Amino acid sequence: MWAKTDSESNWHPLLLHMLDVAATSSALVEREPAATRSQLADMLGLSWDLARPWLLLVIAAHDLGKACPGFQCKWQNLSGLNPGRSPNMRINHAFVSQIALAAWLVERGWPDELARLVADAVGCHHGSRASPKTLEALEGDRSAIGRDEWADARHALLDTLFEVFQPTALPEKAGLSGPEFMLLAGLTSFADWIGSNTEWFAFGTEADADDPAVWFEARRACADRALDVLGWQPRTPLLTSPLSFHEVFGFSPRPLQGAVAAVLAGLDEPAILLIEAPMGEGKTEAAWFAHLELQRRFEHRGLYIALPTQATGNAMFARTLAFLHARDAGRMLDLQLLHGGTLLNDDFQQLRLASVHDDGDADPRAAQVKAAEWFTHKKRALLSEYGVGTVDQALLPVLPVRHHFVRLWGLANRVVVFDEIHAYDAYTGTLLIHLVRWLHALGSSVLLLSATLPPAIRRELARVVGGDLPATEATYPRLTTFATGSVRQTHFEADPMRRVTIDIQPIGSALEDMRAELQRRLIEGGMGLALVNTVQRAQALYGLFPEGRPLLREGEQIGKLLDDGTEIYLFHARFPASQRQLREQRVLDIFGKAGGEKGEFRTGRKILIATQVAEQSLDLDFDLMATDLAPIDLLLQRAGRLWRHSRPCRPVAAPMLLVAGLAGDVPDDFGQPLWWGAVYAESVLLRTWCLLRQPEHRQIILPDHIDTLVQAVYEESVPIPDTLQARLDKALMASDGDGIAKTQQAHGAIIGLPDDASWADKHDDLYDEDDPYVHPTLVAQTRLGDESLTVIPLGPADGFDAGIAPSFEQARAWSRRTLRVGRKGVVKQLKALGIPESWQQIPLLRNHFPLCLDEEGRWLGDRSVRLDPALGLTYGNET
């Protein structure tokens with residue numbers, strides 16, 4: 001019987017392919033830390049030496065179901081077996097594997113439940129699990145699985161595997177836990193992907209199957225060569241002996257970093273660490289040090305750092321790349337960037353090129369850190385030893401997407417860092433807690449970083465480990481350690497050199513007020529930020545400034561220069577990816593730390609108008625800031641961009657935060673049609689408004705007041721005037737209901753919990769997360785919001801023809817322009833138009849929709865939709 005064929009009618013015997021994949025899994029696991037092997041052995045209740053033969057056997061059996069007429073009749077060779085009449089070829093052969101393997105394991109003395117779950121884990125290696133109903137129907141379909149002689153053939157294959165691997169002890173476990181199931185399923189798929197590649201595993205012959213044990217040993221060497229080529233190196237720790245923070249980084253630790261080092265020294269198992277500290281205290285360096293020490297002590301497999309946005313991911317990728325370059329690992333490390341804009345990240349693309357074309361003229365550091373091409377595939381990227389990307393990529397493993405268990409395998413027994421965790425709503429925040437629960441159960445250590453955090457998050461994390469918060473919590477800034485059954489807290493001092501006193505200045509909600517105040521208060525020059533809550537407000541505010549002269553970068557407009565020398569920049573998410581990248585880099589050049597240190601950019605008057613994309617992680621420093629009213633934790637996060645770095649002189653006397661909507665009476669729905677109440681919960685906005693209206697809070701000190709202000713708003717201890725109480729009560733009912741609904745939606749969205757039976761009952765269809773035609777109610781969402789599509793804007797000069805496939809170079813150039821569109825009418829019309837057939841076979845364009853524009857940038861489907869070179873995507877009917 002055959003398993004693989006090629007275009008020249010050559011074929012690879014089924015038994016040999018099964019042994020190829022077993023050999024690959026053996027090579028993979030041998031390069032894992034001992035802790036990973038212990039996790040795999042524990043699933044059978046045996047030592048590693050006794051568990052290994054069984055694990056290789058069941059992984060080899062992943063394609064056992066190809067020994068059936070429904071599969072064998074897909075190609076002309078039948079090796080003399082009788083397929084029966086009218087074989088059913090519409091089967092998933094992996095589910096046949098599952099049925100046959102489970103029955104055989106029971107015959108061999110395995111407990112029923114353990115056999116069933118192990119066969120289930122192996123049987124889902126094509127991405128989906130079979131429901132009991134599907135299995136029952138398949139067992140009765142003789143036209144698919146064949147009659148007795150086919151069952152005998154499958155049995156004979158399993159008996160042969162038994163002779164090859166020779167297991168000597170029966171498992172001592174009655175079933176599998178959720179984490180054990182995911183590890184076995186993930187390893188099986190991972191090994192199958194590699195073992196199916198003919199570049200490393202050439203086809204054998206029927207004669208080769210005469211001595212399967214010899215074949216297995218030979219293919220074990222092939223597997224090692226394949227892993228060497230892929231860049232899957234032995235997971236040895238970067239530190240082999242303990243080093244102090246000073247020895248690692250070359251400078252003395254700040255109080256936060258010293259507190260982390262002290263807590264790490266007292267850990268005796270992987271743990272969850274929550275660091276709550278002001279902006280600029282060195283949380284990232286503390287996380288890197290924690291990774292090194294946790295990896296050394298608990299044999300963690302690597303590091304993944306999750307950020308809220310692509311922009312913050314790009315910034316962290318560059319920093320992490322430099323951090324890894326500075327380590328003397330003695331081996332090659334693989335580092336991947338995980339988000340939709342990797343094509344536009346120069347650091348990552350250079351790393352990829354160094355991996356593909358490593359000549360003698362390459363940067364000598366490139367031999368230590370590369371980005372292996374094999375891991376750049378979206379389903380494989382989390383398998384890489386090191387990664388930086390968006391939180392969305394980290395959340396996919398606990399959502400019902402195809403091969404989610406491969407992604408879970410990638411994050412298992414690893415250090416995973418989540419930065420800026422305050423940035424998520426009730427839905428995404430609940431998903432994050434569920435993910436942390438899975439990671440803790442999979443033996444990973446987790447670090448969560450935040451400057452401003454509502455107390456409810458700490459309570460949720462305590463529930464993850466089955467502990468309780470202290471009756472009196474440590475004061476802010478603090479480090480909380482969550483280990484199994486216990487929660488401990490440590491207070492540390494903030495850096496006194498970073499204490500900033502900020503004046504709160506109320507202004508009206510009208511954009512004209514914001515524009516006028518920025519110009520008046522920066523009359524002597526300076527770096528100003530206007531941070532508004534919606535893209536439409538950002539575009540409208542940009543339009544209030546005089547037209548000026550376009551400022552260009554690489555031929556694209558990134559801002560405008562006014563007649564008085566003022567530079568105005570606009571930064572939001574509705575620009576094509578390539579333009580957004582240019583704007584992001586210019587923002588960092590001008591308003592970032594590095595640009596300021598050089599000094600050439602911090603001259604004259606420069607104003608950035610931005611949405612929340614400038615709120616998180618980007619190291620930006622402004623002299624003056626105007627912001628729309630927002631929840632108190634986010635306002636404080638925004639305020640952290642004021643006077644962030646020490647400078648010899650500034651053109652304004654003191655740091656000031658102008659808050660739009662804080663002046664006068666509380667706005668009706670905070671300035672309809674500004675939609676602030678649609679962006680943030682009105683109840684939180686009302687309490688924030690009331691808090692900052694109090695005279696004692698017209699001046700805030702960072703970081704001293706952060707915890708007090710956040711707790712006041714989120715623990716509902718802000719005094720509310722009688723005139724607003726009824727409105728607050730109504731808003732609370734709405735926001736509480738919305739929060740409960742989002743939380744419940746998140747509970748229902750996941751694959752189940754690791755510590756109960758819920759994961760085992762999830763037999764729903766799994767979806768490709770990028771498929772735009774999956775119904776919105778079925779999409780595995782990492783964030784809630786209106787349905788959106790990825791489009792590629794194309795003008796008359798692009799020569800787009802739906803019937804002609806573009807060249808690779810053209811497809812690559814177009815793919816750099818991607819843009820998310822979320823307007824309901826536009827999404828509906830684009831889906832009706834469809835994706836060109838000529839794009840479906842091009843990975844760079846698959847699942848992308850062409851947005852055809854006229855000479856003025858107006859969409860041919862609705863000319864009120866326009867891609868403006870200065871403003872980005874605009875909707876003419878926005879108010």
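Pro703 sits in the loop between strand E20 (699–702) and helix H28 (706–714), where helices (H or I, at least four residues) and strands (E, at least two) are DSSP runs, numbered from the N terminus. The peptide bond running from Leu702 to Pro703 is cis, and its omega is near 10°. This is a predicted model, in which local features need pLDDT of at least 70 and side-chain atom pairs count only at pLDDT 80 or more, while totals for chains, interfaces and linings use all residues. Residues are numbered from 1 along each chain as its sequence is written, and side-chain values use heavy atoms, with hydrogens and water left out.

Another cis peptide bond joins Tyr476 and Pro477, with omega at about -5°. Pro477 belongs to the loop between helix H20 (455–464) and strand E10 (478–483). As background, most peptide bonds are trans, and most residues other than glycine have a negative phi.

Positive phi values turn up too. Glu420, in the loop between strand E8 (415–418) and helix H19 (426–441), has a phi near 55°. Glu420 counts as buried because its relative accessibility is 8%; buried means under 20% relative accessible area, exposed over 50%, and partly exposed in between (1.4 Å probe, protein chains only). Glu554 also has a positive phi, about 55°, although it is not a glycine. Its place is the loop between strand E14 (549–553) and strand E15 (556–561), and at 70% relative accessibility Glu554 counts as exposed.

Now for the helix packing. Two packed helices are described by the angle between their axes and the distance between the axes. Here axes are lines fitted to C-alpha atoms, for helices over the stretch in contact, and angles run from 0 to 180 degrees between N-to-C directions. The axes of H10 and helix H18 (residues 404–411) come within 8 Å and cross at roughly 100°, so H10 and H18 are roughly perpendicular to each other. The cut-offs are under 35 degrees for roughly parallel, over 145 for roughly antiparallel, 65 to 115 for roughly perpendicular, and oblique for the rest. On the H10 side, the contact (heavy atoms within 4.5 Å) includes Met182, Leu183, Ser189 and Trp193, and on the H18 side it includes His404, Phe405 and Trp409. The residues of this contact split into 10 nonpolar, 3 polar and no charged. In this scheme, Ala, Val, Leu, Ile, Met, Phe, Trp, Tyr, Cys and Pro count as nonpolar, Asp, Glu, Lys and Arg as charged, and the others, Gly among them, as polar.

Ser189 lies in helix H10 (residues 178–195) and counts as buried, at 0% relative accessibility. Leaving aside its neighbours within four places in sequence, Ser189 touches Cys124, His125, His403, Phe405 and Val406.

Helix H13 (residues 255–265) and helix H14 (residues 283–298) pack at about 15°, with their axes 9 Å apart, and they are therefore roughly parallel to each other. Where they meet, H13 contributes residues including Leu256, Val260 and Leu264, while H14 brings in Phe289, Leu294 and Arg297, among others. The contact residues divide into 9 nonpolar, 1 polar and 4 charged. With 14 of its 16 residues buried, H14 is largely enclosed by the rest of the structure. Just after H14, Glu299 takes a positive phi of about 60°.
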